[in-house]
Amino acid sequence: METKILSTSEYDTQLAGKILAGGGLVAFPTETVYGLGANALDENAVKKIYAAKGRPSDNPLIVHVSEKSDIAPLVKEITPKAQALIDAFFPAPLTIILPKSGLIGNIVSGGLDTVAVRMPENEIARRLIKSAGVPIAAPSANTSGLPSPTKAKYVIDDMSGKIDAIIDGGDCKFGVESTVITLATDTPVILRPGAVTQEMIEAVIGKVDIDRAVLEGMKSDDVASSPGMKYKHYAPKAKVIIVDADKKTYEDFVNSRENAFALCFDGDIVTVPKITYGMENDDLSQARELFDALRRLDEMGAEKVYARIPNISGVGMAVYNRLIRAAAFKIIDLKKPFFIGLTGQTGAGKGYVGQYLSMLGFNILDSDKFVKKIYDNNPELLKKLAEEFGNDILVDGLLDRKRLAHAAFSSKENTQKLNQIVHPEVISLCKKAAKPLAVLDAPQLFEANAQSDCYKVISVVAPLETRLERIMARDGITREQAMERINAQLDEEYYIDNSDFVIYNNKEDIQTQINNILEEIL
């Protein structure tokens, strides 16, 4: 198929209108992104949209109209709240959902009994719809899953040879798709945020909820009520990871990464290749530039991208909503005290893993060192230990760690008592010392319930005989004493079931395992 590239002239607009009226497909500019239009009342024409985009057919489409009066025939009723929004905003980057009339088929509505309708602010779009003489069903004019196009060149890249025509109308004004709100529920719900914000809508119709899927994503069996809710969306070919951090922490983190790109704000100081998407405190500029930035990353050959998180309020919510889907919900939270928790069975080789991570540049917080610091400098804690495990654990007022270990590891109950006394103090000290890219090396991570402070948890496990030999050689104790310590710990299944990643120290290449884990985490 030859795709015509049209201008915004009256002649070309009329030509595009005839193509749409005849069942063809035309890509056209709106104030949000470029849309891929078909006659909304022609099911066969609408089917072509799904084919051209490679779009799942349970993802509903938005019906575009040129006049407010065009809405009534498409819905069962224009409710008072819907009318209030139409009067206050239309034409605007706002889509309202209402129960559909018999004119709207199942393909346009994604099998739902509702229809999404909007009147675009862009004059080129409205002239095209009026020229076609029919309402136009139009998702974004991109290959499904890729960033929505805000420039005609990206539409040409994705759609040439697949559709009848493309109107080149320059750059889009807002850069993210319209706000979508359903009025088919008792309380109106925003299903997709956009340039018309929750605050703006509530000023007109009162309380409005935000759908859980806006910020968290949908479950696999949920039904999508709006475009862009269900599937990985807006994504470049590169793997995108959002970094939740302040400016300095983000800069330090991304500058420590190798073979990576940064998706950041104007003025961020990064040494890796970067693409910016607006200014830090200007969510409208972020919205306008986000999709273009994602496309440019592909043009630069980026494979892994660390994106600085936007503010999640106002139009920033729309930016975050698109970015979190482009990242397939992958977020590194550097606001937590610890980045990675490292634990495992005694004698399994956790110390070697910590040394290797330290060599790679991670800040290792060794809980054993903090424990020693507490034992040497906390008389009140020693008093509590003596009350629990007997005064013979103290020699001349100092702790005899071997005697304490013998008493504490004689049963799981005693081990739990030790953890309850010591580990709150240890975790408090570790939190104060934590920095980005920190690793909390804690044998009793789970017993101290410190996994909740960790972004991810890595456990190290090994065969029983290997562990016994290491413990006896390391601590100079008997086999029976070594078994006491092993039996006082959680079993291997617990570590496997409660960790994000497990390193098996059973003659497998440990460094390769660690590198593979870090590749997934970072």
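Student: Which element gives the largest share of the lining of the largest pocket?
Tutor: In general, rolling a probe the size of a water molecule over the atoms shows where empty space is left. Here a pocket is an open set of points on a 1 Å grid over the protein atoms alone, where a 1.4 Å probe fits, with protein on both sides within 12 Å along at least five of seven lines; lining residues have an atom within 4 Å of a point. In this predicted model, where local features need pLDDT of at least 70, side-chain atom pairs count only at pLDDT 80 or more, and totals for linings use all residues, the largest share is five residues, from α16. Residues are numbered from 1 along each chain as its sequence is written, and side-chain values use heavy atoms, without hydrogens and water.

Student: How much space lies in the largest pocket, and which residues are closest to its centre?
Tutor: About 870 Å³, a volume being the space filled by probe spheres set on the points. Asp-368, Arg-401, Phe-409, Arg-474 and Arg-485 are the closest to the centre, out of 28 lining residues.

Student: What about the second largest pocket?
Tutor: That one holds about 480 Å³. Its lining has 15 residues, with Arg-257, Glu-258, Lys-304, Glu-519 and Leu-522 closest to the centre. The largest share, three residues, comes from α20.

Student: Which residues touch the most other members of the largest nonpolar core?
Tutor: In soluble globular proteins, nonpolar side chains tend to be buried together. A nonpolar core joins buried (under 20% relative accessible area, 1.4 Å probe, protein chains only) Ala, Val, Leu, Ile, Met, Phe, Trp, Tyr and Cys residues through side-chain atoms within 4.5 Å. Here the core has 46 residues, and Leu-36, Leu-85, Leu-94, Ile-96, Ile-181 and Ile-201 touch the most other members.

Key. Buried < 20%, exposed > 50% of the residue type's maximum accessible area, 1.4 Å probe, protein only. Helix = DSSP H or I, 4+ residues; strand = E, 2+ residues; numbered from the N terminus.
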